Amino acid sequence: MPMQDLIRLLKDGKSRSVGMIAAELGMSVEQVQRDIEFLEQNGIIRRIEFSMCGDCSGCSGSSSGEDRKTCPGCTPEGGFKNMGVMWEIV
Amino acid sequence: MTDKNEIVIALLGQPNSGKSTLFNALTGLRQHVGNWPGKTVEKKEGSFVYNDRKYLAADLPGTYSLSANSDEEIITRDYIASGKADVVCILADSSQLERSLYMLSDFAGIDVPCFLVLNMDDVAREQGKEIRVSDIEDRLGIPVVLFSATDRKGYDKFYAALEKAVENKPLLNSDALEAKYGQIPEYVSIRSIIGDISDNSKSSMWLAAKAVEGDAPVVSRIRTLLSDDKAAEFDEAVKNIDKGIVKTGECKFAWIDELISGSVNKSKKTVELGKFDRLITHRIWGKAVVVITILLGLLASFIPALPFMGLGSAVGMLPDPLNEMMINAGCPAFIAAIVCDVLIRCLGFVIQMLGFVFGVTFVFGLLEEIGVMARISYVFDNTMAKFGLQGKSVMPFLISFGCTMGGAAGTRVIDNWGQKVLTIALSWAIPCGAAWAVVPMLSTLFFGAWTPVIIAVILIVMILHMWLTAKIFGGSLVKPENRCGMIMELPPYHKPKWGALMRYVFGRTKDTFIRSLKVVLIVAFVFWLLSYTSSGDASNTVLFKVGQAIEPVTMIFGMKWQTFTAFVASSLGKEGALGVLSTIFSGTGTLSVGMMAGGEQAANLNELLLANITKPEALAFIFAITFNMPCIVALAATYQETHSVKWTSIIGLYYTFTALVLSGIAYHIGLLIW
Ligand SMILES: Nc1nc2c(ncn2[C@@H]2O[C@H](COP(=O)(O)OP(=O)(O)O)[C@@H](O)[C@H]2O)c(=O)[nH]1
């Protein structure tokens with residue numbers, strides 16, 4: 001029961017990379033990625049979205065309105081892109 | 001079949017399976033776009049003729065599955081089950097069959113003629129995969145085509161399979177999948193309650209599986225098909241299912257794995273972890289490597305900082321000659337003093353500081369661009385658990401290196417209030433971007449080549465500070481059972497995008513310049529006014545008198561009244577300290593000249609500072625401002641995020657207190673050294 005094992009694994013509070021999960025559960029990386037996609041699509045885990053700057057009134061360049069995830073004074077355009085992806089159990 | 005005698009073929013596939021490519025290749029320009037009845041979901045149809053047969057292709061919305069998660073999915077499955085399509089063409093990506101066949105497995109149980117298209121054959125081949133189509137065909141009982149939708153020459157195979165499907169009306173063999181479902185007790189009980197009912201082409205197996213998944217439209221549909229007592233029994237059975245979607249999902253994936261095992265040959269290509277990845281994921285060395293990486297990064301950022309330092313101190317030389325010039329030109333002494341003592345000196349200071357902002361932003365921006373920052377956060381992730389925090393707290397911490405306000409706002413991803421407050425409390429211990437500019441600058445001024453050591457010590461103290469703070473506040477804020485695990489996927493290494501990086505670095509430097517100059521100027525101006533006397537004898541000012549009065553106390557922490565005042569001003573923003581230093585220790589209405597040996601006027605501020613502050617005092621001062629509250633706005637941001645006056649004031653007072661304690665310790669250690 002690989003996906004139930006995966007969910008159980010996450011209950012211990014530790015964080016793991018996809019590779020570590022694959023090794024621990026004896027699956028291939030592709031299988032783990034597939035399970036993650038499935039669990040995300042079905043709302044069992046969720047991708048963590050970071051709002052980088054919030055209301056950063058401190059920065060002159062902070063954009064206002066709906067799309068206030070980033071401000072050019074604190075983060076590069078469009079936020080940090082290469083920080084990897086994190087998921088957590090909903 | 002439509003009224004115009006067209007055979008209807010529905011294209012079903014996940015996003016990026018190549019559905020549009022296939023659709024366009026089949027229909028060319030004979031397309032029209034409409035909406036599905038009553039919904040705003042786009043409906044694309046197009047016609048084509050092959051071997052004198054007329055076809056109408058319907059491009060269904062690309063969705064992950066056929067569950068009831070979205071309108072698109074419900075439209076799609078109701079359309080294919082309605083029988084309006086004569087044949088369903090299911091697409092999958094050959095290069096990743098184990099995941100892309102999920103659509104097929106979710107379709108299994110809908111009894112409509114169909115065939116399977118394994119698209120992206122070229123990509124699969126490139127990966128060294130060899131797919132035996134006939135094996136898969138045997139197992140599924142439907143035609144299977146392996147081809148590339150982008151390769152026009154391979155379409156014969158596609159049309160052949162299409163014709164076969166139209167003529168033979170093959171149904172997907174789902175016995176093996178049903179056998180797997182049979183191992184789920186919930187499925188078995190629901191299946192026995194609903195018996196052999198079906199809904200259009202949705203078989204009882206499909207309906208029962210969806211009921212196990214808790215699919216609301218299917219559940220209510222089944223209820224209408226059952227007798228009253230059966231419906232009650234059904235409701236009872238459905239109510240008690242927990243995470244049914246995971247259970248059926250496992251069956252579907254197991255079915256897929258069986259389907260492709262033996263039919264796909266993969267040339268073995270194990271993915272090797274990169275050298276750096278192996279190093280940082282090492283249990284013992286990982287953290288050390290990361291700390292050294294950060295330290296080297298900070299040191300590297302000194303290189304671009306040096307020219308700024310030079311420029312800044314050159315500007316800092318200007319005031320005295322300029323002052324003379326202005327006085328000679330008949331400018332009132334008061335104005336000349338403002339321009340020289342406040343404006344120019346502050347400008348010099350801020351320029352010196354900017355170099356470090358530029359350097360730090362550049363180096364860490366680069367580390368982020370190439371994917372190293374993600375690995376750093378990965379390494380510290382499990383350390384978070386020791387603090388009683390979620391792994392995702394590592395992100396607000398990293399942001400806090402740039403700006404504590406950003407870090408505080410970043411804690412919005414943390415739903416648990418206690419963890420959120422603790423994360424903010426700990427993020428205060430992380431020197432922010434302004435600290436990383438002011439502190440290296442002052443260190444270079446006082447300790448020259450020893451600066452790297454100071455920076456290293458600050459990093460170590462920061463870690464201990466966070467650890468201790470977590471110990472102090474953790475107990476009342478977080479419970480270990482609130483923790484749950486996380487999955488992280490590291491990004492591949494990238495080549496940096498220099499353009500975007502440089503825009504970011506310059507943008508941030510400019511931003512910091514404007515903000516710092518504002519803070520420094522305001523603080524400097526206020527203190528200049530407080531210390532200005534027309535007589536030139538500052539010892540009569542209130543500031544001086546109060547300062548002298550509190551000095552016995554502030555010396556406990558290793559700070560003379562001047563540096564202590566600068567420390568207080570640093571609560572407004574670390575740059576504020578520079579504003580105080582630049583006015584108190586310099587200028588025509590100076591407080592410090594009298595203290596200088598021989599009473600001779602020093603050439604510039606840097607020398608003045610060196611002459612007036614001893615090394616142990618400088619060390620104390622550096623620690624005091626580094627670990628003081630980040631800035632007044634961070635205090636406001638903390639309140640905004642925690643909505644707690646109590647915790648905001650606890651955190652504020654705690655940091656003021658610990659900063660003083662740290663500065664006292666630094667002073668006494670300094671006394672032992674120098
Ligand atoms: N190499 C390769 N690329 C393909 C093939 N079929 C589609 N693509 C590409 O895959 C991407 C997604 O295809 P698209 O038709 O838009 O997918 P859709 O989202 O299912 O409509 C496009 O960039 C296509 O050019 C194929 O057989 N081989």
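Guide: Strand β3(A) pairs with strand β10 (residues 486-489) of chain B over four bridges, in the antiparallel sense. One bridge joins W87(A) to I487(B) in β10(B). This is a predicted model: local features need pLDDT of at least 70, side-chain atom pairs count only at pLDDT 80 or more, and totals for chains, interfaces and linings use all residues. Residues are numbered from 1 along each chain as its sequence is written, chains are lettered from A and ligands numbered from 1 in written order, and side-chain values use heavy atoms, without hydrogens and water.

Visitor: What makes β2(A) and β3(A) a pair?

Guide: Strands are DSSP runs of E, at least two residues; helices are runs of H or I, at least four, and both are numbered from the N terminus. A pair needs at least two DSSP bridges. Strand β2 (residues 45-47) of chain A has three to β3(A), and the two run antiparallel. I45(A) stands opposite I89(A) in β3(A).

Visitor: Why is T509(B) called buried?

Guide: Buried means under 20% relative accessible area (exposed is over 50%, partly exposed in between; 1.4 Å probe, protein chains only). T509(B) has 6%, so it counts as buried. T509(B) sits in helix α25 (residues 498-531) of chain B. Beyond four places in sequence, T509(B) is in contact (heavy atoms within 4.5 Å) with L354(B), V357(B) and F358(B).

Visitor: Why are β2 and β8 of chain B called edge strands?

Guide: Start with the sheet. Seven strands of chain B form an open sheet, in the order β2-β3-β4-β1-β5-β6-β8, with mixed pairing. β2 (31-35) and β8 (144-146) each pair on one side only. Inside the sheet, β3 (residues 42-50) and β4 (residues 53-59) of chain B share seven bridges, antiparallel. Y50(B) faces R53(B) in β4(B).

Visitor: How do you know which word describes the angle of α10(B) to α11(B)?

Guide: Axes are lines fitted to C-alpha atoms, for helices over the stretch in contact; angles between N-to-C directions run from 0 to 180 degrees. Helix α10 (residues 204-212) and helix α11 (residues 216-225) of chain B cross at roughly 125 degrees, with axes within 8 Å. Under 35 is roughly parallel, over 145 roughly antiparallel, 65 to 115 roughly perpendicular, the rest oblique. Therefore α10(B) is oblique to α11(B).

Visitor: Which kinds of residue make the contact of α10(B) with α11(B)?

Guide: The contact uses W206(B), L207(B), K210(B) and A211(B) of α10(B), and V218(B), V219(B) and I222(B) of α11(B). Six are nonpolar, none polar and one charged. Ala, Val, Leu, Ile, Met, Phe, Trp, Tyr, Cys and Pro count as nonpolar; Asp, Glu, Lys and Arg as charged; the others, Gly among them, as polar.
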